[in-house]
Amino acid sequence: MRLSKSFIPTLKEAPTEAVIPSHILMIRAGLARQLSAGIYSWLPIGYKALRKIMDIIREEMNAIGGQEFHFPSLNPKEIWEQTGRVEAFGDILFQIKNRDYVLAPTHEEIVAYHAKGAIVSYKDMPQIWYQIQTKFRNEPRPRSGVIRGRQFIMKDAYTLDKDDAGLDVGYDLHDKAYRSIFDRCRLKYFVVGASSGAMGGSKSEEFMVKSDAGEDTVAYCEKCGYASNVEVAQSVALPAKRHAESKPVYEISTPNVKSINELCAFLKIHEQETAKSRIYIHDGQPVLVLMLGNDEVNETKLGSVIGGNVRPAHPEELKEITGADAGSIGPIDFKHRIIADNLLKDANNLYSGANKNDFHIGGIDLLRDAPKIEYFDLRTVKSGEKCIRCGSTLEVFKAIELGHIFKLGTKYSEALGVMFLDETGKEKPIVMGSYGIGVERIFACFIEQNYDEKGIVWKEPLAPFNIHLIGLNMKNGAVSEACEKIYIELIADGYEVLFDDRKDVSAGFKFNDADLLGMPIQVIVGEKNLKEEKVEVKNRRTGEKKVVELNKLLELLKKPF
Ligand code: ATP
Ligand code: MG
């Protein structure tokens with residue numbers, strides 16, 4: 001493709017709303033442009049790379065027996081009402097005002113609709129149906145460029161099976177296909193066991209990449225691959241001690257001491273000797289949650305341990321319930337339910353709040369002084385703690401979800417009456433699985449992992465072009481003649497070539513554009529080298545340059561350096 005005839009509007013600066021590298025670079029390199037919040041237009045070379053991602057996905061989906069569909073985005077609302085998902089999606093679902101239509105945020109309903117009455121016998125299954133289609137979600141905070149859009153392209157796949165054993169097979173096939181897709185896209189990713197949220201169903205796993213732009217927080221062990229959303233992550237952490245002898249309980253005046261750190265500094269004690277109290281309201285009743293030192297209550301764990309409706313108590317409620325404000329609350333003489341983190345189990349000689357402002361209590365023996373206490377895993381894992389699986393060090397970081405595989409089960413087939421006859425002639429609901437990949441997220445995450453201060457650094461499978469051919473002074477007859485010849489030869493040799501044939505652009509400008517656009521190899525044709533029948537070849541990733549004789553160019557390109 002000739003740059004002189006192409007629309008590649010590169011920019012020196014990105015608009016201020018772009019903060020993360022992939023967003024900045026996509027705009028600066030002229031790959032995409034925003035139309036409205038969370039809505040992007042793909043420009044030609046951006047779309048070229050996006051298509052390469054879709055091709056890889058297609059190949060891997062076809063390899064596991066997937067059949068490609070194209071379901072409509074405009075869906076009758078009625079079908080979505082039957083599964084209760086108009087309500088479940090709430091404001092995320094785009095609804096058409098003058099018609100009873102919705103814009104599909106995913107396609108479980110439509111797959112089930114077409115399976116109904118068409119898949120009649122166990123003999124008609126298994127089926128793997130997939131599509132690469134635009135999805136619509138009214139995300140409240142579209143951000144990070146195409147990573148969270150209101151319109152985005154998803155590869156969504158669905159398995160239809162007669163039983164759970166069939167579903168297991170389909171699920172494993174997708175797990176393998178997804179790993180191949182992300183490997184082929186040259187992404188560094190990891191897999192996290194997850195909850196299925198609004199989708200329903202049992203087992204689900206998320207494919208994620210580490211990124212500060214992520215909205216999930218995960219605990220990850222580099223050594224054994226243990227990865228878990230912090231909402232459910234566990235670790236091995238040092239428990240509080242039980243000393244041979246319990247001291248008696250005593251009150252200590254601690255003026256203006258509120259935090260655990262302040263308490264430790266004031267009393268010259270270690271965090272491991274302290275217990276922090278948090279008050280929650282559980283179905284209208286106060287509960288004191290006791291944590292070791294500076295450990296944070298993990299509200300997801302708390303919710304699943306005690307069930308019902310749980311929320312932190314408001315500051316004004318604290319005084320009423322305990323007689324003190326936050327920072328002075330503790331388990332001694334607390335009149336309601338107390339639950340504590342496992343690390344505090346049976347600990348003694350602890351310090352905690354006195355339920356009296358500006359006072360703490362020492363010598364607390366939980367066995368003796370709070371005998372009804374219940375222990376659970378309630379803490380939020382922290383970076384640096386030991387992996388629960390292998391004992392190596394855990395890292396806690398932000399991550400972006402690239403893909404998600406779910407064992408849906410029969411939720412949708414039951415809601416829509418999608419039945420089949422099994423081997424014994426009995427009618428049963430079809431067992432479904434659902435599998436999604438965000439195509440733009442692959443694109444953006446690839447850039448997040450492959451850029452430098454000059455621009456994008458593409459790797460071969462996704463690069464819009466293999467070679468960026470730069471004619472330095474195209475007004476010079478010899479240079480332009482040589483470039484034209486090289487351009488034709490490279491194309492004939494099977495390369496995709498972006499040819500900077502612009503006449504009125506300086507060499508410096510061309511170099512900057514080439515580095516910003518980031519094709520893996522640059523072939524630079526200038527007067528000086530050409531006089532000796534030579535051209536320069538640059539590896540964009542390493543910056544390494546080689547001057548090579550013209551007739552050796554194709555040979556050099558064959559073995560990448
Ligand atoms: P998230 O938690 O990030 O909102 P999700 O759980 O809602 O994701 P799924 O419903 O599982 O996502 O959709 C499958 C895939 O589609 C996701 O793994 C992600 O790659 C992509 N995706 C989801 N929402 C968006 C969005 N708003 N913009 C771009 N891609 C998205
Ligand atoms: Mg979502």
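**Chain architecture and the shell around ligand 1**

Among contacts in the protein chain (heavy atoms within 4.5 Å) between residues at least 6 apart in sequence, 68% connect residues at least 24 apart. The model is predicted, with local features requiring pLDDT of at least 70 and side-chain atom pairs counted only at pLDDT 80 or more, while totals for chains, interfaces and linings use all residues. Residues are numbered from 1 along each chain as its sequence is written, chains are lettered from A and ligands numbered from 1 in the order in which they are written, and side-chain values use heavy atoms, without hydrogens and water.

The secondary structure of the protein chain consists of 16 helices and 33 strands, assigned as DSSP runs (helices H or I, at least four residues; strands E, at least two) and numbered from the N terminus. Along the principal axes, the C-alpha atoms occupy a box of roughly 95 × 70 × 45 Å. Of the 561 residues, 52% are buried, that is, under 20% relative accessible area with a 1.4 Å probe, protein chains only. The mean positions of the 75 positive and 80 negative charges lie 4 Å apart; Lys and Arg were taken as positive and Asp and Glu as negative, with His and the chain ends not counted.

Ligand 1 is surrounded by 15 residues, the closest being E139, R148, G149, E401 and L402; a residue belongs to this shell if one of its heavy atoms lies within 4 Å of the ligand. Strands β8 (151–161) and β23 (394–409) each contribute at least two residues to the shell, and β23 provides the largest share, four residues. Nitrogen atoms of ligand 1 are placed 2.8 Å from a polar side-chain atom of E139 and 2.9 Å from a polar backbone atom of G149. An oxygen atom of the ligand is 2.8 Å from a backbone N or O atom of L402. The protein covers 86% of the 590 Å² of accessible area that ligand 1 has on its own.

Two further regions illustrate burial within the chain. In helix α12 (residues 439–449), ten of the eleven residues are buried, among them E440, R441 and E448 as well as I442, F443 and F446. S328, located in the loop between α9 (315–322) and β18 (337–341), is also buried, with a relative accessible area of 2%. Leaving aside residues up to four places away in sequence, S328 touches G353, A354, N355, K356, N357, D358 and F359.

Terms used
Buried < 20%, exposed > 50% of the residue type's maximum accessible area, 1.4 Å probe, protein only. Charge placed at Lys NZ, Arg CZ, Asp CG, Glu CD. Polar contact = N/O pair within 3.5 Å; in protein donor to acceptor, adjacent residues only side chain to side chain. Areas by Shrake-Rupley, 256 points an atom, 1.4 Å probe, with all protein chains shown as cover.
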